[in-house]
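Welcome, and please take a moment to look over the sequence and the model below. We will walk through them together, one part at a time.

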Amino acid sequence: MKKVISVLLSVASALCFIFAFSGCKDEEIKVSGEFYTLKEAYDEALLNEEDLKNISCGYYELYQFDIYSEYENLYSGLYDPHEELSQSKERELKLAYLEHIKHPEYSDDSVKILYYGTYNGNIVAGLSCDYIIIDIVSHEKFEIGGVMFYKFWEGRILVYHCS
C-alpha cells in the first residue's frame, strides 16, 4: 500500500511540476505588419510632414551630423520619440525585420534598433543585423514631403506598419 501511495504522490508531483512550468514559455510573438521606406510611408499617408520633420531631427541627433546643424535648427526641439518600445513590440519588430531580410533563422539578438518613435501606430526605426552587410549608396540630399534629409540612404530608416 505504501508503494502505491508513494507512486501516486510521485505522479501527482510530476503533473503539478509540469503544469506549473508549462506557462513559463516566452510570450508568442506574431509578426503582423510590413515595412515601408520613409518615402513609401509618406506616399501611403502613414506619415505626415510633421512626422518627417521630427524623424529628420532624430536622424541628425542619432547620427550626430554636425555639419548640418543649420538645417537641424529649422526643426530644433521637435525630436521626441514619444515613448519607449515595449519588449514585445521590440521583439516583434526584430522578428519582422529578420523575415523582411529573408533570414528568419537568425537570432533576434542580432538585430539592432535605432528607435525614432511611433507615429499613428507606425514604428519608425533604423534597423540592422549583425550577419548582413549591405553596400549602402546614400544621397547627398533626399527630399520627402518637403523635408530634406542629407547623407541619406533610403533603407536606413524603415517604417513598420502594424496591421
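Is A45 buried or exposed? A45 is exposed, with a relative accessible area of 64%; here buried means under 20% relative accessible area, exposed over 50%, and partly exposed in between, computed with a 1.4 Å probe on protein chains only. Before going further, please keep in mind that this is a predicted model, in which local features need pLDDT of at least 70 and side-chain atom pairs count only at pLDDT 80 or more, while totals for chains, interfaces and linings use all residues. Residues are numbered from 1 along each chain as its sequence is written, and side-chain values use heavy atoms, with hydrogens and water left out.

Let us stay with A45 for a moment. You will find A45 in the loop between α2 (38-43) and α3 (49-63). Names like these come from DSSP runs, where helices are H or I with at least four residues and strands are E with at least two, numbered from the N terminus. Most residues other than glycine have a negative phi. A45, however, has a positive phi of about 65° although it is not a glycine. K102 also has a positive phi, near 65°, and is likewise a residue other than glycine. K102 sits in the loop between α5 and β2, and at 66% relative accessibility K102 counts as exposed.

Now to the sheet. Strands of a sheet pair through backbone hydrogen bonds, either parallel or antiparallel. In this model four strands form an open sheet in the order β1-β6-β3-β2, and the pairing is antiparallel; two strands pair if DSSP finds at least two bridges between them. The edges belong to β1 (33-37) and β2 (111-119), each with a single partner strand, so one side of each is left without a neighbour in the sheet. On average, neighbouring strands of this sheet are turned by 30° against each other, direction ignored. The axes behind such angles are lines fitted to C-alpha atoms, for helices over the stretch in contact, and angles run from 0 to 180 degrees between N-to-C directions.

You can follow the pairing residue by residue. Five bridges join β1 to strand β6 (residues 158-162). Among the facing residues, G33 stands opposite C162 in β6, and the bridge partner of Y36 in β6 is V159. Strand β6 is also joined to β3 by four bridges, again antiparallel, and here A125 stands opposite L158. β6 is mostly covered, with four of its five residues buried.

Across this sheet lies a helix. Helix α5 (residues 87-100) lies across β1, β2, β3 (122-129) and β6, running at about 60° to β3. The side chain of S86 reaches the backbone nitrogen of K89 at 3.1 Å. This is a polar contact, a pair of N or O atoms within 3.5 Å; within protein, one must be able to donate a hydrogen and the other to accept it, and residues adjacent in sequence count only if both atoms are side-chain atoms.

How many aromatic pairs are there? The count comes to two, where rings of Phe, Tyr and Trp (its six-membered ring) pair if their centres lie within 6.5 Å; planes under 30 degrees apart count as stacked, over 60 as edge-to-face and the rest as tilted. The rings of F35 and Y97 have centres 6.2 Å apart and planes at 80°, so this pair is edge-to-face. F35 lies in strand β1 and Y97 in helix α5, so the pair ties together parts that are 62 residues apart in sequence. The rings of F35 and Y160 have centres 5.1 Å apart and planes at 45°, so that pair is tilted. Y160 lies in strand β6, so its pair with F35 ties together parts 125 residues apart in sequence. F35, Y97 and Y160 form one aromatic cluster. F35 and Y97 are buried, and Y160 counts as buried at 1% relative accessibility.

Finally, look inside. The largest nonpolar core has 20 residues, and L38, L47 and F149 are among those with the most contacts inside it; such a core is a set of buried Ala, Val, Leu, Ile, Met, Phe, Trp, Tyr and Cys residues joined through side-chain atoms within 4.5 Å. A second, separate core of 16 residues includes L85, I101, Y115 and I123.

How values were computed: Contact means heavy atoms within 4.5 Å.
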